[in-house]
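Student: Could you walk me through this model, one feature at a time?
Tutor: Gladly; let us take a look.

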Amino acid sequence: EMFLGPVEQSKPWDTKGIEGVHRFLRKLWRLFYKDDATNPPTLERAGGEVIVTEEKATDEELKVLHKAINKIEEDTDRFSYNTAVSAFMVCVNELTDLRCHKKEILEPLLILLTPYAPHIAEELYHKLGNITHVLDANYPKLETKYLIESEKEYPVSINGKMRTTINISLDASQDEVEKIALNNDIVQKWIE
């Protein structure tokens with residue numbers, strides 16, 4: 001119900017909002033369990049092969065997690081639960097795209113999710129090998145170093161149309177940016 005809109009406003013009941021949250025929870029589940037498209041999990045048969053690893057998280061995965069921590073903390077403080085749930089959805093989508101099944105990322109995500117979806121958070125928290133309750137876990141600490149951008153994706157237009165994008169360090173000077181852009185293969189093709 002938190003996802004349907006701002007908590008202080010009345011809203012008509014809409015099952016589409018609930019279906020969206022259900023799809024989100026299934027996608028979250030698939031970060032922990034092998035996806036069996038021919039035989040998807042049901043309430044009666046939840047489970048399957050756990051695919052969570054002990055691998056070290058990449059900076060990109062940590063960035064996704066800490067962006068979520070930052071956004072969800074802010075939204076929860078403002079009682080903007082619908083946008084916090086949306087931030088969870090964005091986070092899970094990004095982790096799915098990164099194919100992240102790492103305990104270092106998923107465990108703090110579950111702790112963060114607990115006030116919003118306590119039952120599934122508790123279930124998955126125990127699947128990670130924890131013997132205590134998720135409510136007893138330390139709340140994830142925001143590390144702002146993962147939020148600092150080090151590079152930017154610049155669009156490159158030639159003859160009024162965007163032809164490519166180039167990732168360039170934010171520390172690069174204007175001359176360096178021009179040099180990098182002019183040396184790009186796609187830009188070279190269009191300059192000819």
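**Reading a pocket, its helices and a hairpin**

Tutor: About 340 Å³ of space lies in the second largest pocket. This is a predicted model, in which local features need pLDDT of at least 70 and side-chain atom pairs count only at pLDDT 80 or more, while totals for chains, interfaces and linings use all residues. Residues are numbered from 1 along each chain as its sequence is written, and side-chain values use heavy atoms, with hydrogens and water left out.

Student: Which residues lie nearest the centre of the second largest pocket?

Tutor: On a 1 Å grid over the protein atoms alone, a pocket is an open set of points where a 1.4 Å probe fits, with protein on both sides within 12 Å along at least five of seven lines; lining residues have an atom within 4 Å of a point. Grid points are joined across faces, edges and corners, and the volume is the space filled by probe spheres set on the points. Here 15 residues form the lining, and Asp-59, Glu-60, Lys-63, Glu-149 and Ser-150 lie nearest the centre.

Student: Which helix gives the most to that lining?

Tutor: Helices are DSSP runs of H or I with at least four residues, and strands are E runs of at least two, numbered from the N terminus. H2 gives the most, with five residues.

Student: How far does H2 reach from its first C-alpha to its last?

Tutor: The expected span is 1.5 Å times one less than the number of residues. H2, with 19 residues, reaches 27 Å, close to the 27 Å expected.

Student: Is Leu-106 buried or exposed?

Tutor: Buried means under 20% relative accessible area, exposed over 50%, and partly exposed in between (1.4 Å probe, protein chains only). Leu-106, which lies in helix H4, counts as buried because its relative accessibility is 0%. In H2, the buried residues include Leu-62, Leu-65 and Ile-69; the buried residues of H2 pack against H3 and H4.

Student: What is Leu-106 in contact with, leaving aside its neighbours within four places in sequence?

Tutor: Contact means heavy atoms within 4.5 Å. The partners of Leu-106 are Leu-31, Phe-32, Val-52, Leu-95, Cys-100 and His-101.

Student: How many bridges join S1 to S2?

Tutor: Two strands pair if DSSP finds at least two bridges between them. Eight bridges join S1 (residues 151-158) to S2 (residues 161-169), and the strands run antiparallel. Lys-152 stands opposite Ile-168 in S2. Two residues lie between the strands of this hairpin, where Asn-159 takes a positive phi near 55 degrees.
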